[in-house]
Amino acid sequence: MKIKVFCLLLTMVLPLHAEDSILVEQLHQAYDQVQYFEAEFVQNKQVKFLSKPLVSTGVIKYAPTHGMIWEVVKPIWVKTKINNEGIFKTNSFEQNVKVNDVQMQAVADILGELLGARLDRMRSQFELSASQLSDDQLHWEATLIPRSKLIKKALAQLHIEGLLDEAGQGQGISKITLVDPNENITTIVFSEVVMFNEQSPPAELLHDFQ
Amino acid sequence: MIFSKLWFRVLWLVIIGLTGFHAIKQLQVETNILKLLPQYESELTNELMGVATERVNKQLVLMASAKSDTDLKEHFKYQLDAIDNKVLYENIIYQIDTNQMSGLYAILAPRRFNFLSHDDAILRHQKGYHEHLLTLARESLYGVQMLSQEQLTTDPLFTFQRFMSSFGSLNQMALDVSEGYFMVEQSATEQPSHMLAFVELASSAFLPDNQNAVHSDIINMRKQLAEQGIELKSFGAVMYAHQAFQDAKKEISTVGVGSLLAIVALITLAFRSVSPLLLSLSAIALGLLVALGVTVWVFGAIHVFALVFGATIAGVSIDYCFHYWVDAHFRAAEQKPFNVTQLLPALFIGFGSSALVYLGFLLTQYNVLAQIAVFSVTGLLAVLMNVVCLFPWIHKATVKPAPKPLERFSELVINNPIQRLLRSPGWVLGLLFTAMGCLYLIAQPNDDVRDLQHLSPTLKAEEQAIRNALDWQPIEQYVLVHDDSMSGLLQTEAKVLKMLESQGVDVLGVSDFIPPVETQLLNFQAMKATLESAAGQQYFQELGMAVPEPVDFKPFALNQITSPPLSTLFNQRLLGTVLDQYGLLIPVQQPISLPDDPHFSIIQQAEDTSALFAQFRMTATWVLSGAVLVLLLGLSLFKYGFIQSLHLVLLPLLGGVVAMLFAAVAGLHLSLFSVLAVLLILGMGLDYVVFLTESQRPQTIMMAMLLAGTTTVLAFGLLALSHVPVLKSFGFMVGVGMVWVLMTAPAILDWRNRDDS
């Protein structure tokens, strides 16, 4: 009887870990020992109520030892630095002002985990509902569903897409899609990626983090 | 003699009966340790701080830690749910109360334009406010946050969203509530994650039953969680109080029983009969009962500390009993008739001098000391009356002579070499000044109220671990604000917050969230002006939205603060109404200064109390000096010459000072209670020197003194083994002081030789 129960549990658990491993493998291939990550992004917010989407562009910079910079360049300019000291904002009115931005912190935590190829926190907060490689073996995607009711109120689904090179090596995340319970959709597409793995980036790239 | 008259004895028994009946019927013992602390001058301040401290003391923080936070949540939640339905607990919170948040939103949202977050409210006073606010709105539009129709239609400038988010700033702990639970996650490192629970007790943390029940629950939870690899830590007043109670019980049972057995053995051996023991114990017990009755009658209640300290008069009053029994024994040995009348001058001079010292406590105006004074004086008088009225009446049996070895030992002590050195008052005075000079150089009084007690190192370590995990600093300074209306209270608080801000203190108050009506109107007008401004119109045009319809200002009713969910949210700040005044607290970390104002004051409870203790220590020292002068004057005028009186008073005083010097050298705690120890040594020591001076047979008195001194040293001196710093120091001083007095008191007999010659 005990063996039967164990086998049943095994069949339930195995696929979840198999799915999880694809995502982890892709993230590991792309970001294992990443020392610096920089990319341009285009964010597109589609709110059902609005006739046109809200599009913004900017740059994201990440260094595990220094934190993260989320800089929106258009249509407004605002730079947000997130590090162990907190969240600091610079815009046309104020410079490096510490702010309490829960949503920015949550996004930075998730991005930090993805770019650090760690899923400890995400595993506790999200359930991996689907993960697969595309037929042409050049894309992969994973869908994550929040576990807690509280997060579910704000976010119904988190969809992550990534690229693979011709040799099948993971190239990292190319697109993140967030869907809220009312099906308002936010997509963030990354391009022009600059990455330093295993070696320290040039000092001028880290200057912005100071 | 009046004491041997039947009517007087009956009258005395009636007084004992009445006061005893009053004590038993009306006895109210105050056990709250906070009532022991000196009070603020203002009754309102005392009452409001009483509310605040009682609330804090009912709080218990639990922290469960494990490597896997999934197991942690599941098992800790299970354990917490298991105790949640107990009447012992008013509230157990371990996750975000979504109902509370919804309730908060429901009552505030209809007046959303009346509220601005603290940061937005600061902007309102600046130039280019509209543009700045619209820039912030665009940052939200194009930032990382999700957008919805409801958000854009009801709060298009995101000001209300920022305002609601700012409620998180009220909590000064580094908690992660993203999953609803109160977590401190450390997934990036090898450190364990923590889950926190905040427990509120339904009633006082100082009730032993509550302490035992909470402690038992914690032990049980700790055991259950440990089986799952989860570690549980806790901290709260109830845990410290439980530990202190257990320590006290242990010390009382070991030290108390040990000293009692030694005393019983000593008396039985000395008098070779149990009747002196039984009569002495009865006389003291009745004396304590009378003291209790009178103290309760005068003060309405007695604090447990006054009761315990007052009970130490047993050590003083036993002198009267021993004096009686030893004299009776020697008379028996000499086959002479015994008459208590011969003892009266010594007994009454001894009592008078001790009473004078105790009455000095009244001058400190510290309620607990006043209770000790009344208790001690009435108790001593009652025991004295029992000895002189009842002993000769009840005890008719033949008294056996004292054992020879005891007599020889008394002789030895009388002729000890130390007392020879102190036969000259000049030497005593010189030694006293030397000891005082050394004390001045090496003694470091410690009036910090936090150091008076012994806190369990384990509990302290647990508290520190929880504080470290939460990055939660203890707050020891508050601004107490009060006013006769809620509106006035919030206005005053806003005024104080502005003053604090000008001193670089960054703290949010209740008025930052629920501002006075005048501020609500200003917020509303600023929002309306922004929406209707050209820049505002352009913002809505960009979004493709219509400009919201203007609405009329309606104030948010301030009385809603006093009911949930706002009252729950501001539970640690708002103190309710006391003496028709609304009160609130502003916690402040940094040092601040505020002008004198009838509506607010800085409260540093630990510092204020320590300062009051320091003040009482100084007052007690002056009382001690005054008592010495009055004794000197009284004895010089009415009984002895000046030099002899000086010698009489300085010998026991030197005992006290030497004891304090030894305590200082030993690194023991020196405080107000050390001065009280000197007063006690002076009181008891005066009995000894007066008895010796008045006695015709010094050996007899020395034997009584040895018995009394030994019992005193056993009763008090064993306190030196206590873990509580103040008791340890007190016991050590009284023990050392009384041994010193016993050894040096015979020096006073030199006056007899001088008179004879």
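## Terms and basis

A residue is buried if 20 or more other C-beta atoms lie within 10 Å of its own, exposed if 12 or fewer, and partly exposed in between; the C-beta atoms are placed from the backbone. By that rule, 44% of the 757 residues of chain B count as buried.

This is a predicted model, in which local features need pLDDT of at least 70, side-chain atom pairs count only at pLDDT 80 or more, and totals for chains, interfaces and linings use all residues. Residues are numbered from 1 along each chain as its sequence is written, while chains are lettered from A and ligands numbered from 1 in the order in which they are written.

## Overall form of chain B

Chain B has 30 helices and 11 strands. These are DSSP runs, numbered from the N terminus: helices are H or I with at least four residues, strands are E with at least two.

The C-alpha atoms of chain B fill a box of roughly 120 × 55 × 50 Å along the principal axes. The radius of gyration of chain B is 34 Å, whereas a compact globule of 757 residues would have one near 27 Å. The radius is taken over C-alpha atoms, and the globule rule is 2.2 Å times the number of residues to the power 0.38.

Two residues are in contact if their C-beta atoms, placed from the backbone, lie within 7 Å. Among contacts in chain B with a separation of 6 or more, 80% join residues 24 or more positions apart.

## Two domains of chain B

The assignment gives domain 1 (1-30 + 272-402) and domain 2 (403-463 + 607-757) of chain B. Such bounds come from an automatic or database domain assignment. The C-alpha centres of the two domains lie 22 Å apart. Their contact takes 25 residues from domain 1 and 32 residues from domain 2.

On the domain 1 side, α13 (313-333) and α14 (344-359) of chain B are the elements that give two or more residues. That side divides into 15 nonpolar, eight polar and two charged residues. Here Ala, Val, Leu, Ile, Met, Phe, Trp, Tyr, Cys and Pro count as nonpolar, Asp, Glu, Lys and Arg as charged, and the others, Gly among them, as polar.

B:Ile318 sits in α13 of chain B. B:Ile318 is buried, with 24 other C-beta atoms within 10 Å. Beyond four places in sequence, B:Ile318 is in contact with B:Ser280, B:Ile284, B:Ala708 and B:Thr711.

## The nonpolar core

A nonpolar core is a set of buried Ala, Val, Leu, Ile, Met, Phe, Trp, Tyr and Cys residues joined through C-beta atoms within 7 Å. The largest has 130 residues; B:Leu651 and B:Ala677 are among those with the most contacts inside it. α27(B) gives the most to this core, with 17 residues. Domains 1 and 2 of chain B both give residues to this core, so it lies between them.

Helix α27 of chain B runs over residues 672-694 and reaches 33 Å from first to last C-alpha, close to the 33 Å expected at 1.5 Å a residue. The expected span is 1.5 Å times one less than the number of residues. In α27(B), 22 of its 23 residues are buried.

## Contact with chain A

Which chain gives 38 residues to the contact, and which gives 27 residues? Chain A gives 38 residues and chain B gives 27 residues. On the side of chain A that touches chain B, α2(A) gives the most, with five residues. By class, that side has 19 nonpolar, 12 polar and seven charged residues.
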